[in-house]
Amino acid sequence: MSGAVPPEVSKAVRKCLRRSIALERWVKVSVKGKAEERVLAVSEFRVYLISIRQNAVRNEQSFNFLDCTALQSGSGADLRFVLKNQKLPPVEVQLVGGSADEVLTHIYGALVATFPEKQPTDFVRFELKPPTRLQRVQELFPPDAPKSTGPCGGFARTYEAWADLLGFAYREADVAWDVDNIYYSNSLHEFNLEDFDGMEKNDVSAMIRALDYNPW
């Protein structure tokens, strides 16, 4: 079986999740000692495990990249997500007909884009064997390479990532648009919460966390 997900399955997965998906691959997981197939879907900030049975599509589990303390892989196909919540067991999958490096590269690159002033390994440990696998991934994203972050040091993307992690609404029209357009066009480098109407405590929390990593 190929690791590629056929178009009809991909469409069903996207309809279930109702969000943009960057990567989808068939994987095998162990359920009560028995290997079962799932779709591993990866978005800009999150990993999903999707079950498909008799045309019923269900999101069984999802987590933000920042929910992980480590991504582990001892061979080309196995992948283990170690979660910060110690009450939850690690999520272990086996890529079908493909390599875990494709998933790892996407996550590494997404962290580079979200936190341009940091290294992905500042947030998540990449524990790959042999170590040359990580070196190959890192070579695709050299630290001194120019980064296309978007307006205002990529604030909108970083803010969206924190909102996703914390489970808060991403206020694209109320916050992100103003920063990307008004702050950027006027070269405003001082963030003023009074510029944004109707902000709640949760909104402010995600915004402040984004500012902690913003070079603008």
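Is Phe191 buried, exposed or partly exposed, and at what relative accessibility? Phe191 counts as partly exposed, because its relative accessibility is 23%; buried means under 20% relative accessible area, exposed over 50%, and partly exposed in between, with a 1.4 Å probe and protein chains only.

This is a predicted model, in which local features need pLDDT of at least 70 and side-chain atom pairs count only at pLDDT 80 or more, while totals for chains, interfaces and linings use all residues. Residues are numbered from 1 along each chain as its sequence is written, and side-chain values use heavy atoms, with hydrogens and water left out.

**Aromatic rings**

- A pair of aromatic rings is described by the distance of the centres and the angle of the planes.
- The count comes to 15 aromatic pairs (rings of Phe, Tyr and Trp, the last by its six-membered ring, with centres within 6.5 Å; planes under 30 degrees apart are stacked, over 60 edge-to-face, the rest tilted).
- Phe115 and Trp162 make an edge-to-face pair, because their ring centres are 6.3 Å apart and their planes stand at 75°.
- This pair links distant parts of the chain, 47 residues apart: Phe115 is in the loop between helix H2 (100-114) and strand E8 (125-128), and Trp162 is in helix H4 (residues 151-166). Helices (H or I, at least four residues) and strands (E, at least two) are DSSP runs, numbered from the N terminus.
- Both Phe115 and Trp162 are buried.
- The rings of Tyr183 and Phe191 are tilted, because their centres are 5.7 Å apart and their planes are at 45°.
- Tyr183 is buried, with a relative accessible area of 4%.
- One aromatic cluster is formed by Phe155, Tyr159, Tyr170, Tyr183, Phe191 and Phe196.

**The sheet**

- Strands of a sheet pair through backbone hydrogen bonds, either parallel or antiparallel.
- An open sheet of 8 strands runs in the order E4-E3-E2-E1-E7-E6-E5-E8, with mixed pairing (two strands pair if DSSP finds at least two bridges between them).
- Strand E4 (56-64) and E8 stand at the edges with a single partner strand each, so one side of each has no neighbour in the sheet.
- Strand E2 (residues 34-42) and strand E3 (residues 46-53) pair in the antiparallel sense over 4 bridges.
- Val42 has Val47 in E3 as its bridge partner.

**Leu188**

- Leu188 lies in the loop between helix H5 (172-185) and helix H6 (201-211).
- Leu188 is partly exposed, with a relative accessible area of 33%.
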